[in-house]
Amino acid sequence: MTAPPLHGALESALYAENLAAAARFYHGILGLPVLAQVEGRHVFFRSGAGVLLLFNPAETLQPPRNPALPVPAHGARGPGHHCFTVAAADLDAWRNHLQAEGVEIEADFSWPNGARSIYVRDPAGNSIEFADPALWS
């Protein structure tokens, strides 16, 4: 049997114990709009057509408290990875913006196919990449 088609990623999740510091990074520095927030549990951000979910890992291991929203317990420990799509022409501006905000550039390089990626760490230690979409062409 052939699987029905998938249409892309709607959301992805990262984990951070200090949600306030992470929110300052994603909203304050990266400019992502906040969609929803529950103090101490999560902050959700709009990212293009998708959503970046940022959870406190200790809280998402708890069983659901609202029977109307029976989302299973889930979560991860340790740093994850998220890659933002950035037009190739905007990568230098992103590098300059991040540096002006005091964000250390961990790596900035071109892949064998010519696409470029810039890597930084968020306050929780997650690896955050800004990449030309040609990376996966």
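Buried residues, meaning those under 20% relative accessible area with a 1.4 Å probe and protein chains only, make up 35% of the 137 residues in the protein chain. The model is predicted: local features need pLDDT of at least 70, side-chain atom pairs count only at pLDDT 80 or more, and totals for chains, interfaces and linings use all residues. Residues are numbered from 1 along each chain as its sequence is written, and side-chain values use heavy atoms, with hydrogens and water left out.

**Architecture**
- The protein chain has three helices and eight strands, taken as DSSP runs (H or I, at least four residues, for helices; E, at least two, for strands) and numbered from the N terminus.
- Their order from the N terminus is β-α-β-β-β-α-β-α-β-β-β.
- The C-alpha trace spans about 50 × 45 × 25 Å along its principal axes.
- Of the contacts (heavy atoms within 4.5 Å) with a separation of 6 or more, 46% join residues 24 or more positions apart.

**Annotated span**
- An unreviewed UniProt entry carries the annotation "domain: VOC" for residues 8-133; such annotations may be inferred rather than shown by experiment.
- Residues 8-133 are 20% helix and 33% strand, and their end C-alpha atoms lie 14 Å apart.

**Helix α1**
- Helix α1 covers residues 19-29, and its buried residues include L19, A22, F25, Y26 and I29.
- At the start of α1, a side-chain oxygen of N18 comes to within 3.3 Å of the backbone nitrogen of A20.

How values were computed: Buried < 20%, exposed > 50% of the residue type's maximum accessible area, 1.4 Å probe, protein only. Polar contact = N/O pair within 3.5 Å; in protein donor to acceptor, adjacent residues only side chain to side chain.
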